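Here is a friendly walk through one protein model, written for someone who likes to know how each value was computed. Have the viewer open as you read.

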Amino acid sequence: MEAIVLFTGGKDSMLALIKAMEKYKIKYLVTAFPENKESYMFHWQAIEMSKVVSDAIEIEQKIFKVSGEKEKEVEELKNFLKDLEFDV
């Protein structure tokens, strides 16, 4: 079964990736890039490192922008994920 991992490049998403790889074939690393640095949901501090990890482990990364506005981010994430193709 394929899965995706929400991935910032930080320690928590690295651990989530490692755990997910134990059970699933990871199709994409999905990274949200908040336009507002005060983002309610998404961390941005290590995003530049996320591409390095993606390249090193040869898992395609999908990056999308979110507004960083509290009530919009979940909908923006849902809309982005809807369009990804993978086997569940």
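## A buried serine

S54 is buried, since its relative accessible area is 3%; buried stands for under 20% relative accessible area, exposed for over 50%, and partly exposed for values in between (1.4 Å probe, protein chains only). The model is a predicted one, in which local features need pLDDT of at least 70 and side-chain atom pairs count only at pLDDT 80 or more, while totals for chains, interfaces and linings use all residues. Residues are numbered from 1 along each chain as its sequence is written, and side-chain values use heavy atoms, with hydrogens and water left out.

You will find S54 in helix α2, which covers residues 47-57. Helices (H or I, at least four residues) and strands (E, at least two) are DSSP runs, numbered from the N terminus. Leaving aside residues up to four places away in sequence, S54 touches L29, I59, E60 and Q61, where a contact is a pair of heavy atoms within 4.5 Å.

## The whole chain

Let us zoom out for a moment. The protein chain contains 3 helices and 3 strands, and from the N terminus on they follow the pattern β-α-β-α-β-α. Of its 88 residues, 35% are buried.

Among contacts in the chain with a separation of 6 or more, 65% link residues 24 or more positions apart. The chain exposes about 6000 Å², and carbon and sulfur atoms supply 54% of that area; accessible areas come from the Shrake-Rupley method with a 1.4 Å probe, and for residues only the protein chains shown count as cover.

## The sheet

Strands of a sheet pair through backbone hydrogen bonds, either parallel or antiparallel. Here, an open sheet of 3 strands has the order β1-β2-β3 with parallel pairing; two strands pair if DSSP finds at least two bridges between them. The edge strands are β1 and β3, each of which pairs on one side only. On average, neighbouring strands of this sheet are turned by 25° against each other, direction ignored. Axes are lines fitted to C-alpha atoms, for helices over the stretch in contact, and angles run from 0 to 180 degrees between N-to-C directions.

Strand β1 (residues 2-6) is joined to β2 by 5 bridges, and the bridge partner of V5 in β2 is L29. Between β2 and strand β3 (residues 60-66) there are 7 bridges; L29 stands opposite Q61 in β3, and A32 has F64 as its bridge partner there. Strand β2 itself (residues 25-34) is mostly covered, with 7 of its 10 residues buried. Together, β1, helix α1 (residues 11-23) and β2 form a right-handed β-α-β unit: with the strands pointing away from the viewer, the path from the first strand over the helix to the second runs clockwise.

In α2, I47, S50, V53 and S54 are buried. Seen down the axis of α2, these buried residues fall within an arc of 100°, so they line one face of the helix; the arc is that of the directions from the helix axis to the C-beta atoms. On the other side of α2, E48 and A56 are exposed.

What do the buried residues of α2 pack against? Their neighbours are α1, β2 and β3. After α2 comes E58, whose phi is positive, near 55°.

For contrast, look at K25, which lies in strand β2. Is K25 buried or exposed? At 52% relative accessibility, K25 counts as exposed.

E2 stands opposite K25. Not counting residues up to four places away in sequence, K25 touches M1, E2 and A3. K25 and A3 are 22 residues apart in sequence, yet their C-alpha atoms are 6.2 Å apart in space.
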